[in-house]
Amino acid sequence: MDQARFTAFYHETAAGLRGYIRRVSGDWQAADDLVQEAYVRFLRAHPAVEDSAAMKAYLYKSATAAIYDRWRKKRNERLWRLNFRFREETPPDPGEGDVTRCFRELKPRERALLWLAYVEGCAHGEIAAALDLREKSVKVLLYRARRNLERILRQNGLSEVES
Amino acid sequence: MSENDTSMWMRHLAALSHAEGELPDPAVIWWQAQMQERQVARARAARPMAIVQWISLVVGLAAAVVLCAVNWTGMKGLLEPAGAPLGIAAIACVVLAALAARFVSGE
């Protein structure tokens, strides 16, 4: 992949990827670092340029791996400081709305699944590739994620979309 | 919650997520990836040299031990008149040589 092709691909995908990272990691401050990390990993894997769907799936896979690696690193740092009360995310921003708060209550993988399916419009095969899952499992996991989201929204009195 | 409701809700969430903040420069990311690639290539190229350095260190030390063992009687006769200070100096030389070899192989 040459630089011009990469720049075009970047402009096509970066905003969506940052949204994904922000929502899945729950860490808005680290999102830009994670975006960079994801693209660097993506470039170093020398993806096949012909298939843009596969390229996108690989990009999201890189981003997901970068998020998990960051959590792992944070957890190890906390263990070294003998702070065993581990939580994999940063505390929520005080100004965040109900929609954001409800989404954060889902498990990270559920957030990733819902985002890829309903925001990025990925097919089950692409989601499976991005999240290292079996294609057959995606349908079931998506269904569970939807049910959990519904439960959380109901518990928070948010059955309708609001900010 | 139907598929359509979920889709609508997620799109609303996405609209809230895309706002504000400049994205990182793609040129910087490209450069960063190239730099990492070069570093990895350099490390890969230097690896056989590091292995050879370690092998030469181990072979050298083993040869020194064998030579000492074979010529022990002669060495003993040579060292005995000088006594303990020469023995300590010899041990210090061995330790220093090992440290120097470690330093060189670590470069």
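Two residues are taken to be in contact if their C-beta atoms, placed from the backbone, lie within 7 Å. By this criterion, and in what is a predicted model, A:Leu113 touches A:Ile127, A:Leu131, A:Leu141, A:Leu142 and A:Ala145, with residues up to four places away in sequence left out of the count. A:Leu113 also belongs to the largest nonpolar core, a set of 48 residues in which A:Ile21, A:Ala38, A:Ala63, A:Leu113, A:Leu116 and A:Ile127 touch the most other members. In soluble globular proteins, nonpolar side chains tend to be buried together.

The chain in which these residues lie, chain A, has seven helices and zero strands, and its pattern along the sequence reads α-α-α-α-α-α-α. Of the 163 residues in chain A, 37% are buried.

Most residues other than glycine have a negative phi, whereas phi of A:Asp132 is positive, with a value near 60°. A:Asp132 has 9 other C-beta atoms within 10 Å and is therefore exposed, since a residue counts as exposed if 12 or fewer such atoms lie within that distance.

The contact between the two chains takes 29 residues from chain A and 22 residues from chain B. On the side of chain B that touches chain A, the elements that give two or more residues are H1 and helix H2 (26-70) of chain B, and the largest share, eleven residues, comes from H1(B). By class, this side of chain B has 13 nonpolar, seven polar and two charged residues.

Within the pairing of the chains, helix H1 (residues 3-25) of chain A packs against helix H1 (residues 3-17) of chain B at an angle of about 105°, and the axes of the two helices are 9 Å apart. H1(A) is therefore roughly perpendicular to H1(B), because angles of 65 to 115 degrees are counted as such. The residues that make this contact are A:Gly19, A:Arg22 and A:Arg23 of H1(A), together with B:Leu13, B:Ala14 and B:Ser17 of H1(B). By class, the contact of H1(A) with H1(B) comprises two nonpolar, two polar and two charged residues.

Definitions and conventions: Residues numbered from 1 in each chain as written. Chains lettered and ligands numbered in written order. Predicted model: local features only at pLDDT ≥ 70, side-chain atom pairs only at ≥ 80, totals over all residues. Axes fitted to C-alpha atoms, helices over the stretch in contact; angles between N-to-C directions. Helix = DSSP H or I, 4+ residues; strand = E, 2+ residues; numbered from the N terminus. Parallel < 35°, antiparallel > 145°, perpendicular 65-115°, else oblique. Nonpolar A, V, L, I, M, F, W, Y, C, P; charged D, E, K, R; others polar. Buried ≥ 20, exposed ≤ 12 C-beta atoms within 10 Å, placed from the backbone. Core = buried A, V, L, I, M, F, W, Y, C linked by C-beta atoms within 7 Å.
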